[in-house]
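Welcome, and take a moment to turn the model around before reading on. The paragraphs below will lead you through it step by step.

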Amino acid sequence: MIEARQLTKIFRDKKRGEIRAVDNVSFRCLPGRIFGLLGGNGAGKTTCLRLLATILQPSSGAATVAGYEVVTQPEKVRASIGFLSTGTALYGRLTARELVEYFGRLHGLSEEVLRPRLDALFAALDMNEFRDGRCDKLSSGMKQKVSIARTLIHDPAVMIFDEPTHGLDVLAARAVARFIRDCRAQGKTVIFSTHVMSEMEKLCDTIAILHRGRIMAEGSLGQLRERFGCQDLEDIFVRVVEETP
Amino acid sequence: MSRRFIGIVYRKELRDLLRDRRTLVSMIVMPVIVVPLLMTGFGLASVKLGGKVRQEIPKVMVLGGEDSTNTVAALRALKSFAFVPPSPDFTNLISDKKINAALGIPTNFDAAVQAGEPAAVTIYTYEGEFKSTIAAQSLDQFFRSRRDHLVAERLAERHLPQKLLAPFDIRQANVASPKKVSGNMIGMILPYLVIVMCMTGAIYPSIDLTAGEKERGTMETLLCSPVARADLVLGKGLVVLTVSLATACLSLFSNGAALLMLKRLAGNAVKGNLLPLTLDPSSLLAVLVMMLPLAIFFSGAMLAVGLYSRSAKEANSYLQPMLICTVIPALAAALPGLDLNYGLALVPVLNVSLAGREIMSGLFHWNYIAVVFGSMCLYAALAVALAAALFKREYVLFRT
């Protein structure tokens, strides 16, 4: 489970002064559910997910991920999550197998556990064809599969996806969406950010609309339609953004 | 701190780095192949060219001397010079390297010498020009020999002993062993070479593992792992250290081999005493041990600079001035009269360079060596601590 409590992140910039990238954000994501963060560019989605992944430290507030506090137990949090974002690239000079092995070892897996898990994962993701290919020679879709395998090798309870279909073609994006649904089916807690409305509609059980670092609306797609009186998520998003002072 | 995770990071980073052609070029191709080849080629060419020039007959112009037939005849009889007709434009001819030197013999030179009156010949040269210097030396030698001969004749005429002008002899005797003589000379070059190679070897990996990772977007991937930041830094730092030391050692052995080869080849080209090359293995080992904290210091400092930088380009722009700041104190060990003392023993790089020179020449001032080693260990620890502290700072990690 993920629980954010008044999570706030302030950046200080010499020119722009104080920037509240995430401002008093509170939400709860449950196991076996997909929680979506919907927002435009600069809304604070990536910062929020980086806070949950303990890559950044909150300025104030707190969050619990898989039962661990992000501020006081960051290493335990990272051991319990699989984090995939546009910023998490692959080591180009390693092969797909070497890369996934490396992250398995960094997660403390023994060789006896690592080997069968890696084989099963490569088979499930249909990656055996390019398992010994260098990552810098792979296509975007193949790379995304390697990234997914990297996030899953230690079988985390919580999955954090930051725009996972960014830059992918339709088929690769569909494969990623299928994988996210599989995570939900396996009972994992999934948090997912995007600015693509259709992905939100198809995948998420709960949607939070993030604007200027704050959650302006939250609920299931049905609840949001009812509250704003619009059927289309894009219309709902635009209304939320326009209503924000 | 977990040794297991440090080892995992170390092995991965080393493998990753060794697959990069640029690492192989900076670690192996440059120090092991290109630099020794250039050194040998250049050294051999200069020895051969020098020998060739010495065998050439210099072109000399004699100005005056029409009434000093004895001197001119003796000079011509040597057949060591090719004489060219006198010209009032001799200074330009020398400057334009058309002739190598000119000799000015004043009027009545022979008569004045015979009469015991003051007389002087002038040798006109192009100072610093190799062929001109050789020509001038030959002319100078001719006149000195002629003067000594004349003095000997005059002493004999007056029945005076030759000892009158040289009542005693001066001799120099080398009491240092060939190892020490060689060590003293090599001690001026070797610490400099190892220091500079340590640093150049560390430049590329320190950038690639820090700013390079930021640029490629793999830093965030790595930060997602549950491994403590300190373990990540130590794993990376050990890789930089390994490459740095490997570069220095490979460079040392390849340059040593090149020097030996040069000595053999040059020995065939010219006759005479060349640089003795006898190294004391224990001194060499001691120098390498002294280099260890310096190499750690370089690795930590450069890792910190790489971490702070937004990109490989920015890191390079910081590290190039750092290289210059290292070369100068490393070279300072070759300055005459600059000896190790307690103050200098605290100056990083310079201290190791000076201590290395002393050790190579067989001097083991243990008190200074202890201060140098201790202070460098402290600086190394501070540099690594700085890199580890920077690795925990969001501002630095996400400074892109």
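Two residues are in contact if their C-beta atoms, placed from the backbone, lie within 7 Å. Helices (H or I, at least four residues) and strands (E, at least two) are DSSP runs, numbered from the N terminus.

A word on the model itself: it is predicted, so local features need pLDDT of at least 70 and side-chain atom pairs count only at pLDDT 80 or more, while totals for chains, interfaces and linings use all residues. Residues are numbered from 1 along each chain as its sequence is written, and chains are lettered from A and ligands numbered from 1 in the order in which they are written.

Back to our pair: helix 2 (residues 21-55) and helix 7 (residues 178-208) of chain B pack at an angle of about 165°, and their axes are 8 Å apart. Axes are lines fitted to C-alpha atoms, for helices over the stretch in contact, and angles run from 0 to 180 degrees between N-to-C directions. Helix 2 and helix 7 of chain B are therefore roughly antiparallel (angles over 145 degrees count as roughly antiparallel, and those under 35 as roughly parallel).

Now look at another pair in chain B. Helix 11 (residues 281-308) and helix 14 (residues 366-390) of chain B pack at an angle of about 20°, with their axes 8 Å apart, and these two helices are therefore roughly parallel to each other. The contact of helix 11 with helix 14 of chain B has 21 nonpolar residues, one polar and no charged.

**Chain B as a whole**

Stepping back, chain B has 15 helices and four strands. Its C-alpha atoms fill a box of roughly 100 × 45 × 35 Å, taken along the principal axes. How does the radius of gyration of chain B stand beside that of a compact globule of 400 residues? Chain B has 31 Å, whereas such a globule would have a value near 21 Å; the radius is taken over C-alpha atoms, and the globule rule is 2.2 Å times the number of residues to the power 0.38. Of the 400 residues in chain B, 38% are buried. A residue is buried if 20 or more other C-beta atoms lie within 10 Å of its own, exposed if 12 or fewer, and partly exposed in between, with C-beta atoms placed from the backbone.

**Where the chains touch**

Chain B also meets chain A: 18 residues of chain B are in contact with 22 residues of chain A. Helix 1 (3-18) and helix 9 (218-223) of chain B each supply at least two residues of the side of chain B that touches chain A.

**A few single residues**

Lys97(B) has a positive phi of about 60° although it is not a glycine. You will find Lys97(B) in the loop between helix 4 (90-95) and strand 3 (101-105) of chain B. Lys97(B) is exposed, because 12 other C-beta atoms lie within 10 Å. In chain A, Met142(A) sits in helix 5 (residues 140-152) and is buried, with 20 other C-beta atoms within 10 Å.

Key:
Parallel < 35°, antiparallel > 145°, perpendicular 65-115°, else oblique. Nonpolar A, V, L, I, M, F, W, Y, C, P; charged D, E, K, R; others polar.
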